[in-house]
Amino acid sequence: MNPSTGQDDRFGPITRELARFGAQWRWEDIPEQARHEARRSLLNYFAVALAGASDPTIDIAAGVFAGFSAGGQANVIGRGTRTDILHAASLNAMAANVFDYDDTHPATIIHPTAPVAPVVFALAQTRAVSGARLLQAFVLGAEVECRMGNALTPSHYARGWHITSTCGVFGAAIAAARLLGLDARHTAWALGSAGNQTGGLVETLGTMAKSIAVGNAARNGLLSALLARAGYAGPDQPIEGPRGVLNVLSDAPAPDRLIGDLGRRWELCRNTYKPYPCGVVLHPVIDAVLALARESMPSTMDPGRVARVDLTGHPLLRQRTDRPGVRSGRESQVSAQHAIAVCLLHGRADLAEFSDAAVADPRAHALDTRVHFHDDETCAADAVEVRITLQDGSSHVRRVEAARGSAGNPLTDADLEDKLRRLCAHGGTGCDAQAIIDGVWGLEAATDAGALMAHAAGRPRA
């Protein structure tokens, strides 16, 4: 320990800086913009978790996990049950991400809240935690998570790592360490164990298997902090070491994007929220097709009338959504062919349009061979040009410069409240949406942050 700085100099400089940030950054020094964005993120979290709580993915996982439960300390959102904090964190993270309807950090396509919020609320149900302390831990965890993604991007995702899972574990570890009151040394140990438990593959997108990695990010981050509190030590350079996270998980790591301006520039303030339950790169496509349906085409129409669709956009659009012939609602969430077809069929893009039932409609497959992608490196990921050519030869074009829900066209606070009400009703959990909304907005003044979970507990599943 260096007596002049109060820092443990055994750790590498990046690990030491992150640990100091997690352990010592004061609530008073977090700007109001970041605090407000944290509350918006939590509104969206409860919305998507309540919708996802009844998904078969969560049913199966909850059934399996029940045989290993170590107690009933924390609520499983929307299911009317309680379990131990590790399994609660995992299940609630899975529910929040299962529909791909959660928040998005545009620079990395990380979904920041799903791996972190379940951890702070699980811990808040086991000890006295004020709303301000919970928000502080959440902000610090989400900040480290997104910055880790910045440092690993773009080769990390391109190599097939599921970035929400791989980076989420660090956010969960930092948030848990803060609520557990760990000092910088123990927080660094938590980062070491988190790094050793990171994982998740892009290959699993569109399947149930994706969710386990998101759940593990929350669970393993929490476990890492609990182990560190008990003295479970880690390496001195888990982040920057020759075989540490940055060098193993990225071809060209950018450590300056991890710790540069830490505490002065807040990545959480860049968070965005989805108006549609599918991959974010599909959102400008949906905006364009719905606009065409309103303005120059029939509001609903059989996709069989379409001869060809041309999509000109960022290469990520093709890489992530060129998926014809989807077989499940899960797969449809990352399929441009499906998204365009259901927008034409129904004139909307809600949860029902990305369900197994929607995929089973033969009309939803009419465009499987008729969508053509044109890469444009200069195009923003939230922009697109859509050209729909009908069988009668007429052509309809729409360009979207900033998709609804993007940083350039964000959802308002009222939009997020409405989303929570709609998804709470969709999930059929019996929860009081308004009580959750009021609880989130009033969280900073709350003396017992864990009490909010009672409003999201729901009724037992049949």
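Is the crossing of α1 and α9 left-handed or right-handed? The crossing is right-handed; a crossing counts as left-handed if the near helix is turned anticlockwise from the far one by less than a right angle, and as right-handed if clockwise.

## Basis of the model

This is a predicted model, in which local features need pLDDT of at least 70 and side-chain atom pairs count only at pLDDT 80 or more, while totals for chains, interfaces and linings use all residues. Residues are numbered from 1 along each chain as its sequence is written, and side-chain values use heavy atoms, with hydrogens and water left out.

## Packing of α1 and α9

Two packed helices are described by the angle between their axes and the distance between the axes. Helix α1 (residues 13-24) packs against helix α9 (residues 184-195) at about 115 degrees, and their axes are 8 Å apart. Axes are lines fitted to C-alpha atoms, for helices over the stretch in contact, and angles run from 0 to 180 degrees between N-to-C directions. Helices (H or I, at least four residues) and strands (E, at least two) are DSSP runs, numbered from the N terminus.

On the α1 side, T15, L18, A19, R20, A23 and Q24 meet A184, T187, A188 and L191 of α9, contact meaning heavy atoms within 4.5 Å. The residues of this contact comprise 6 nonpolar, 3 polar and 1 charged. Ala, Val, Leu, Ile, Met, Phe, Trp, Tyr, Cys and Pro count as nonpolar, Asp, Glu, Lys and Arg as charged, and the others, Gly among them, as polar.

Residues 16-255 are 61% helix and 2% strand, with end C-alpha atoms 13 Å apart. Residues 276-441 are 39% helix and 16% strand, and their end C-alpha atoms lie 23 Å apart.

## Pockets

The largest pocket holds about 520 Å³ of space. A pocket is an open set of points on a 1 Å grid over the protein atoms alone, where a 1.4 Å probe fits, with protein on both sides within 12 Å along at least five of seven lines; lining residues have an atom within 4 Å of a point. Grid points are joined across faces, edges and corners, and a volume is the space filled by probe spheres set on the points. Of its 26 lining residues, T108, I109, Y157, L316 and R320 are closest to the centre. Two or more lining residues come from each of α7 (155-158), α8 (163-179) and α14 (315-321), and α14 gives the most, with 4. The lining has 12 nonpolar, 8 polar and 6 charged residues.

The second largest pocket holds about 250 Å³. Its lining has 15 residues, with D55, G329, R330, S355 and D356 nearest the centre.

## Local backbone features

Most residues other than glycine have a negative phi, and most peptide bonds are trans. The T153 to P154 bond is cis, with omega near 5 degrees, and P154 lies in the loop between α6 (131-152) and α7. D100, not a glycine, has a positive phi of about 55 degrees.
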